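Please read it alongside the sequence and the model.

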Amino acid sequence: MCGIVGFVGKKQAAPILLDGLSKLEYRGYDSAGIAVRNGDEPAKIVKSKGRLKILSEKTDSGNALIGTCGIGHTRWATHGEPSTVNSHPHISGNCMGTDFGEVESEVIGVHNGIIENFKELKGKLLKHGYTFYSQTDTEVVIKLVDYYYKKYTHDPQEAIAKTMVRVRGSYALCLMFKSCPGEIWVARKDSPMIIGISEGETYVASDVPAILNYTRNVYYIGNLEMARLTAGKVSFFNLDGDEIDKKSTEIKWNAESAEKNGYEHFMMKEIHEQPKAVQDTLNSLVKDGKIDLDSIGLSDEEIKSISQICMVACGSAYHTCVVTQYVMESMAKIPVRVEIASEFRYRGPVLDKNGLVIVVSQSGETADTLAALRLAKEKGIKTLAIVNVVGSSIAREADNVFYTLAGPEIAVATTKAYSTQLIAGYLLAVQFAFVRNEIDSEYYAGLINELYTIPQKIEKILEDKERIQWFVAKQANAKDVFFIGRGIDYAVCLEGSLKMKEISYVHSEAYAAGELKHGTISLIEEGTLVIGVLTQSGLYEKTVSNMVECKSRGGYLMGLTSYGHYEIEDTADFTVYIPKTDEHFSASLSVIPLQLMGYYLSVSRGLDVDKPRNLAKSVTVE
Ligand code: M6R
């Protein structure tokens, strides 16, 4: 996944492009580049390997490039290693040239996504005399646009449409044509892109935060659509070249939501935003003490008729599905199965026609989750998307949408989106249980009240975060960490382990506590940290036994349990307590210390918490 930005207007483009890219660095950060045009002069390109900071220094914060029209890119490498030559923008000419050199090529472009048939297209272009200077699929698609532009009527719209029909894969493309000064052309399929307009200025970007300093007026460009951007104006076209009417949307959240606000890292800021995110998500569907699922397309009749639920997602979103499975089956007694989207989409899943497929995604752009959603729709199964980003591809394509109200999440490691996805799962489970007569109205009201206590209980855990920091500082050299638990605690272990791996690069495993002795326990050595999560009273003693088994093999034990279970101190070397809650909802509390552990371990190892190596915030390629 990569970030793209474009600007055309009266102001200087380069500083705006660099500012926009700085808000998109979470999408990729192995190289960056910009191309800027001054009137009808040829564009100038500057690119560099590494973080955006280097590009910014190279261009004197953009001041070294004059021009009011430009495009920029921050890359997460797919085809071709991270290098200056592979970084974007790419050109239709045969040689990239040097920084600040004038580009005489007809087409210059940046791209987010993957062109699957790029090898075949490259072969075709080679036959037509094109040569290639990079290993990227992007260079191929830019040259294909050039080929069609020259072959037909020198019309950008026609050349892009022909290219769109010819390529397979996903793309958000942002192009400048030498013969069309003051214009940017864009096209998209399955990769996000938004267009912003203000007085005399037009912006394009992969995500809203990139342009929020300049405008709140945003257009969503649809799949297989193109647009022509000029100063203060945008026109949309379909593949046939017909103009499409669109209405703009006003972005309600403000630029500060996407800033660090005094926190050292976005991740810590977002950890602290969880109480509000949870509260907002509850408020969105709870009215007068009752959960209203009608607004997300689930009437009582439908809830009664649903035969089974299949939940599909990736990464942390998948982990929230595992929690929901436990809660939904326990409360509503409806069969729930949970699938990893990249597996689901290719294994020909058997789905009941009266079933419901729920896809869960923070970004709403994860390629595998989107493909899973499309597969379910093709099979004629009703779909519901639990999504955070308004107007994202998954939100637009699902039959119904439950928006989590986490606000913009910038850190690559998800925290507040995870917490709101849990809340979405609980609300569905409680309402399904009530409508299907599995719980009475008194228990129903009690559960809703209990959900409303979660925000302040999270606050309470956060008040004691320094204790976790102190413990984690001693683990900075840990090589392997094991998370064990049963039931919902196991589901939380999956998330705790992922948080640790992705930002602190410490190997960890999440294990269903009872499964450990079927192989994995042989990895426990003197001093190996084993974290037992024990919030389910019916399973407490069993997990304690599994922890003791680890201790007997040299394991160093941390216990994470609810206040009151003080006897854990007889077994564990270090304990963390969380407030009591209905045990169905314990994941919302037990995950907080585990998020903090991942965060502090990353900090104590001196790593880049918000932008861990090799990762990107949303995975728009498979
Ligand atoms: O945007 P999505 O929720 O679809 O993303 C799914 C995963 O890529 C994501 O949860 C990932 O695992 C997180 N970075 C983990 O912190």
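Serine 316 touches Thr414, Tyr418, Gln421, Glu495, Leu498 and Lys499, leaving out residues up to four places away in sequence; contact means heavy atoms within 4.5 Å. This is a predicted model, in which local features need pLDDT of at least 70 and side-chain atom pairs count only at pLDDT 80 or more, while totals for chains, interfaces and linings use all residues. Residues are numbered from 1 along each chain as its sequence is written, and side-chain values use heavy atoms, with hydrogens and water left out.

**Helix H9**

- Serine 316 is placed in helix H9, helices being DSSP runs (H or I, at least four residues) and strands likewise (E, at least two), numbered from the N terminus.
- Serine 316 is buried, at 9% relative accessible area; buried means under 20%, exposed over 50%, and partly exposed in between (1.4 Å probe, protein chains only).
- The C-alpha atoms of serine 316 and threonine 414 are 7.2 Å apart, although 98 residues separate the two along the chain.
- Threonine 320 also lies in helix H9, which spans residues 315-332, and is buried with a relative accessible area of 1%.
- Neighbours within four places in sequence aside, threonine 320 is in contact with Val360, Tyr418, Gln421 and Leu422.

**Nonpolar cores**

- A nonpolar core is a set of buried Ala, Val, Leu, Ile, Met, Phe, Trp, Tyr and Cys residues joined through side-chain atoms within 4.5 Å.
- The largest core has 124 residues, of which Leu298, Ile309, Tyr426, Leu428 and Phe432 touch the most other members.
- Helix H13 (residues 416-435) gives the most to this core, with 12 residues.
- A second, separate core of 29 residues includes Val145, Ala161, Tyr171 and Leu175.

**Cysteines**

- The count of disulfides is 0, a disulfide being a pair of cysteine sulfur atoms within 2.5 Å.
- Cysteine 321 is in no disulfide, and the nearest cysteine sulfur, that of cysteine 310, is 9.1 Å away.
- Cysteine 321 is buried, with a relative accessible area of 0%.
- The sulfur of cysteine 493 lies 11 Å from the closest cysteine sulfur, in cysteine 550, which is too far for a bond.
- Cysteine 493 is likewise buried, at 0% relative accessible area.

**Around leucine 239**

- Leucine 239 is located in the loop between strand E14 (233-237) and strand E15 (243-244).
- Leucine 239 is partly exposed, with a relative accessible area of 30%.
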